[in-house]
Amino acid sequence: MSSLDRRRFLWGTTAVGTAALLAGCTSNEPASSAPDAVAAGSGQNSQPGKAVTIGFSAPAADHGWMAAMTKNARAQAERFTDVTFKATEGTNDVNQQIAQVETLINDKVDVLVVLPFDGKALTEVGRQAMDAGIPVINVDRVFDTPLAYRTWIGGDNYRMGVNAGEFIAAQMKAKGVANPVIAEVAGIDSLPLTQERSQGFKDALARGGFQVGPRVSAQFTSESGEQQTANLLQSASRLDALWNHDDDQGIGVLAAIEGAGRGEFVMVGGAGSRNMMDRIKADSGVVKATVLYSPSMASSAIALARLLGQAKGIGDLAEHDIPASITTYSAVVTKENVDQYLDVGFDS
Amino acid sequence: MRLAGLVGVLVVLCLVGWATRPDSFLTEANISTMLRLAAAIGVVSVGMTFVIISGGIDLSVGSIVALSSVWMTTVATQSYGPAVMVLCALLVGLGCGLVNGVLISYGRIVPFIATLALYASAKGLAERLSGRRTQVVTETGFTTAFRGDLLGVPVLIWLLAAVFAVGWVVLNRTTFGRRTFAVGGNAEAARLAGINVKRHTALVYGIAGLCCGIAALMVVARTTSGASTNGMFYELDAIAAVVIGGTLLTGGRGSLIGTLVGVLIFTVVGNIFTQNNLDTDIQNIAKGVIIVAAVLLQRTTAARRRVPRTT
């Protein structure tokens, strides 16, 4: 390259760099939004009562599902005129989350809602809050001891797998497929939640006389979902069913399926994103169902926190007090019932 | 030739794949899948090869891919059509690369720190821009253009081939390439020889950034979405591919063909594991073994040919 060429190259890149800044100004509108999953409430419990301050701490919203958890909690709190909501910045650093919860304790909030990044690591600070007389609602990732929480509310990973497996087994029987090839695209394999989902899936299929065929694990991201599924589809020339653990990575899984031009099988998703529910409703592709692990549990956690603060029970139950643990149900959302669940579908 | 050993490893891996799955491994569809999977990380690795030959390192490539992919897929950008999307990806990538380059050469911040800083801030910006949600591509013109075939070969594979060919010519057949080797070999000597080392270094990082922009549009085409999680761990995969490809981490010596073979080796390993329905944990162990084995292999073959360097 001559000296003149170099100069041109340099000026060219400078001009292009400036244009980059300009183009940047055009592009920061968020995409469509799903409705916030909030409970309308009915009966006496929905009437305004004693003022309650709820402290909230959760991991960073770096994933559609986790983002929906924080968003739902906030939206639910805003529905109650008697609730003051104090949320801390989401973080994936357990030390920072411990410090945040300590700050909320020092602020003397009435009730704490904590979704720990790591249940084991946050157990001690949960106990600290309980010892200080602040009831803790532990959401999803469970603390090590009931001494650290008043009530736990979370999803059921094992049943997610069971319900996905039972749905697929029923489909196979209805179609009369003798030896179906059933694939699984799991999430991060080292997480207990992934292991529970897989175990439930395996057990439910075994009960139907089937087994899991090709299995890959992705990283809960759309890119990893696409990569793993592209390889998986090449290894299996024929599939009858596929279960994908997570609807966020499901965007990539579907891109791989469309890229490979495949569609001979039924696909079941996991978690319940709005995107997947729309596809189930349209019924034009492979997605026939998704098993819920709904971030609506965050809305319920806030509603429970309010009732705890006001010393009320749950209407219709005989109990005077809020139960110590509530497990949400991993319902199977299909074309038949999707309208009923659209309100809890979250943006992935 | 040192490459021969590496190509040998690739051939052996392909034989393993063929032996374990004779029905599906060497099919046209599977080879095309592997090459398309290699495309994005391959393009990033081309840029990384330039940076490492020039004596630097770039830890920010994954975040630049994330930021470029998010930028090109946010709603407003998509409504301007595919050309604007592509342009955004390329310009954002190039811009980030030049920021790295200027910080390193004119700001005199060591590459490790400067690119670590951009790794963090580009990731943060990508998360802010996307609202931490996966931005689905609704612009069908873009998806049909980049997900399709050209003369029977997927567009993404053409793109990889083009980036690789241009990179090879620039590195091996131009003054710019020779200077990259010179700067990496001995920056002071290069400066005394009349090379504008600062400007050259800044441009090398610009090239790496531009490659990330191209990779971002490949990832968006493949996943039909932009997300702040795109490009995760690309820095490690690219550095691994460059190093097993025979490029010296200390700079001054290296080969793009080696890098490409390195990328293909990792892609084939991943495919073999999936083809045989094996656990992914073992796959990571295998990756580590391959990195160590390849570097040891190169050192022994290099030692046989010349007096060993003490550095």
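Reply: A:Arg262 and A:Glu264 form a salt bridge, their closest N and O atoms being 3.0 Å apart. This is a predicted model, in which local features need pLDDT of at least 70 and side-chain atom pairs count only at pLDDT 80 or more, while totals for chains, interfaces and linings use all residues. Side-chain values use heavy atoms, without hydrogens and water.

Me: What makes the pair A:Arg262 and A:Glu264 a salt bridge?
Reply: The term requires a side-chain nitrogen of Lys or Arg within 4 Å of a carboxyl oxygen of Asp or Glu. The closest N and O atoms of A:Arg262 and A:Glu264 are 3.0 Å apart, so the pair qualifies under that rule.

Me: Why is A:Arg262 called buried, and why is A:Glu264 called partly exposed?
Reply: Buried means under 20% relative accessible area, exposed means over 50%, and partly exposed lies in between (1.4 Å probe, protein chains only). A:Arg262 has 18% and is therefore buried. A:Glu264 has 36%, so the label is partly exposed.

Me: What makes B:Asp237 and B:Lys287 a link between separate parts of chain B?
Reply: They form a salt bridge with closest N and O atoms 3.7 Å apart. B:Asp237 lies in helix α12 and B:Lys287 in helix α14 (residues 280–305), so the pair ties together parts that are 50 residues apart in sequence. Helices here are DSSP runs (H or I, at least four residues), as are strands (E, at least two), numbered from the N terminus. B:Asp237, at 28%, is partly exposed, and B:Lys287, at 23%, is partly exposed as well.

Me: How do you know that helix α12 of chain B is mostly covered?
Reply: Nine of the eleven residues in this helix (residues 234–244) are buried. Among them are B:Tyr234, B:Glu235, B:Ile239 and B:Val243. The helix is followed by B:Gly246, which has a positive phi near 100°.

Me: Which salt bridges cross the interface of chain B and chain A?
Reply: The rule finds two there. B:Arg133 pairs with A:Asp347, the closest N and O atoms being 3.6 Å apart. B:Arg222 pairs with A:Glu226 at 2.6 Å. The latter pair runs from helix α11 of chain B to helix α7 (residues 222–235) of chain A. Both B:Arg222 and A:Glu226 are buried. Over all chains, the structure holds 18 salt bridges.

Me: What sets A:Lys108 apart in its backbone, and why is A:Lys108 called exposed?
Reply: A:Lys108 is not a glycine, although its phi is positive, about 60°. The residue is in the loop between α3 (94–106) and β3 (111–114) of chain A. Its relative accessibility is 66%, so A:Lys108 counts as exposed.

Me: Is A:Asp140 buried or exposed?
Reply: A:Asp140 has a relative accessibility of 11% and therefore counts as buried. A:Asp140 also has a positive phi, about 65°, without being a glycine. Its place is the loop between β4 (136–139) and β5 (151–154) of chain A.

Technical notes
Residues numbered from 1 in each chain as written. Chains lettered and ligands numbered in written order.
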